[in-house]
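Please read the points below alongside the coordinates. They take up a few local features one after another.

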Amino acid sequence: MPSQPLFVSSGDLVADRRYQWALDYLKRGDADAAADILTQVVETVPRFATSWFALASIRERLGDRDGAIAAFSAARDADREDYHGARLHLARLGVGEATPAMTGVYVRRLFDQHAPEFDQALVERLDYVGPQLLLNAMQAHVTAPLRLGSVLDLGCGTGLSGAAFRPFCDWLIGVDISPGMVEQARAKGLYDRLAVADLLEFLAGEAGAENHLVLAADVFVYCSDIAPIAAGVSKALAPGGLFAFSVEAGDRQGVRLQETLRYAHSADHVRDAISAAGLRLLQLSDASTRSEKGEPVRGLIAVAQR
C-alpha cells in the first residue's frame, strides 16, 4: 500500500501556501523548481515537517541521496510522533536504526487514508488471499466440522478475515488501530464486538479472556518485533487455543524493513517469538498472501497453540 504524506499545517499561512505552490510545480513535472521553493519554505519555517518530508522525497527522486537524508532527518526531528514515516525512509536509506518500530500515529494515518478503497486495492489489484490461507490452516488443525467458539481478529482492518471466519465461530471480536478501517468493518455487520486500539494495549486488557483462536492476517508486516504481541496473545488464549498469522518472509535472519516499508520476518524470528510466549508451533509453511507488481510476495503461515 503506498504511503502518501498528508498535509499538516506549519501554522504559517504564507508557508502553507508556498508549500502548495511547490506541489503544483511538481505536478507539472518541474521537480527542481518544487525543491527550490520547499528549500526556501523550510528556511523560513524550520519545524514544518510536511515540507521537509516532501523536499526529501523530491531530492531522492532527483538523485540527491545526501540531500534526501538531510531532509528526512529534519522531518524526523520536527515530528517526534513520526506522522510521515521519516524514520522508516531513513532506515530504508541505511541511516539510523535498521528496523525502527512504526509509530501508532503513522500506522493510524496510513490506514485511515486508504480505508475507503482498501478492499478493492487489496483483493482486486494485489490478489490478497491471507484470510483464506489462514482458514485452510485452521481446517488442517481443528477436527471437522470446524467450530472455533470465540475468535479475536487482530488488525481486523475492513473485516476481510471476519468475513472468512464468521461462519465458523460463535463470537467474533475485531480490533484495529485505525478508526477508518473499523468504520468499514462495522458497516459489514460481521463482528460481535469492535474496538479501536493499539494491539498491545488491547491484548493487555484481554489477559485471561480465553479466546479459542487469535488471528493476525497481514498485520505483522507493520510490526518490527512479533515477540511482544505473541506474549500478549498467549495470555488471551484458552488452554489449547490457537494463534494463526501470516508474515512476509525475509532472506536474512531476524527482521528487515523492506523497500516497500513493510517488515519481513525470518522463520527463526517467528519460532523464537512463539517459543518465548510459551506457545507450541504447529505449522510454519511457505505461502504468498498477496502479489506486488504482478509477482507473488514470499511469506509464511504460522499456527501455534497454547
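1. Helices (H or I, at least four residues) and strands (E, at least two) are taken here as DSSP runs, numbered from the N terminus. With that convention, α3 is followed by G63, whose phi is positive, near 90°. This is a predicted model, in which local features need pLDDT of at least 70 and side-chain atom pairs count only at pLDDT 80 or more, whereas totals for chains, interfaces and linings use all residues. Residues are numbered from 1 along each chain as its sequence is written, and side-chain values use heavy atoms, with hydrogens and water left out.

2. Helix α3 itself covers residues 49-61, and its end C-alpha atoms are 18 Å apart, which agrees with the 18 Å that 13 residues should span at 1.5 Å a residue (the expected span being 1.5 Å times one less than the number of residues). The helix is mostly covered, since 10 of its 13 residues are buried, where buried means under 20% relative accessible area, exposed over 50% and partly exposed in between, with a 1.4 Å probe and protein chains only. Among the buried residues of α3 are W52, F53, L55 and R59, and the buried residues of this helix pack against α1 (13-27), α2, α4 (65-78) and α5 (86-92).

3. T39 lies in helix α2 (residues 31-44) and, at 24% relative accessibility, counts as partly exposed. Apart from neighbours within four places in sequence, T39 is in contact (heavy atoms within 4.5 Å) with L55 and R59. A polar atom of the T39 side chain also lies 2.8 Å from the backbone oxygen of A35.

4. Which residues have the most contacts inside the largest nonpolar core? They are M138, L148, F165 and L213, in a core of 46 residues; a nonpolar core is a set of buried Ala, Val, Leu, Ile, Met, Phe, Trp, Tyr and Cys residues joined through side-chain atoms within 4.5 Å. A second, separate core has 32 residues, including A216, V219, C223 and I226. Not counting residues up to four places away in sequence, M138 touches L146, F165, L213, L242, A244 and V303.

5. Helix α6 (residues 104-114) and helix α10 (residues 179-188) pack at an angle of about 45°, with their axes 7 Å apart. The two helices are therefore oblique to each other, given that angles under 35 degrees count as roughly parallel, over 145 as roughly antiparallel, 65 to 115 as roughly perpendicular and the rest as oblique. Where they meet, R108, F111 and D112 in α6 face P179, G180 and M181 in α10 as contacts.

Conventions
A polar contact is a pair of N or O atoms within 3.5 Å; within protein, one must be able to donate a hydrogen and the other to accept it, and residues adjacent in sequence count only if both atoms are side-chain atoms. Axes are lines fitted to C-alpha atoms, for helices over the stretch in contact, and angles run from 0 to 180 degrees between N-to-C directions.
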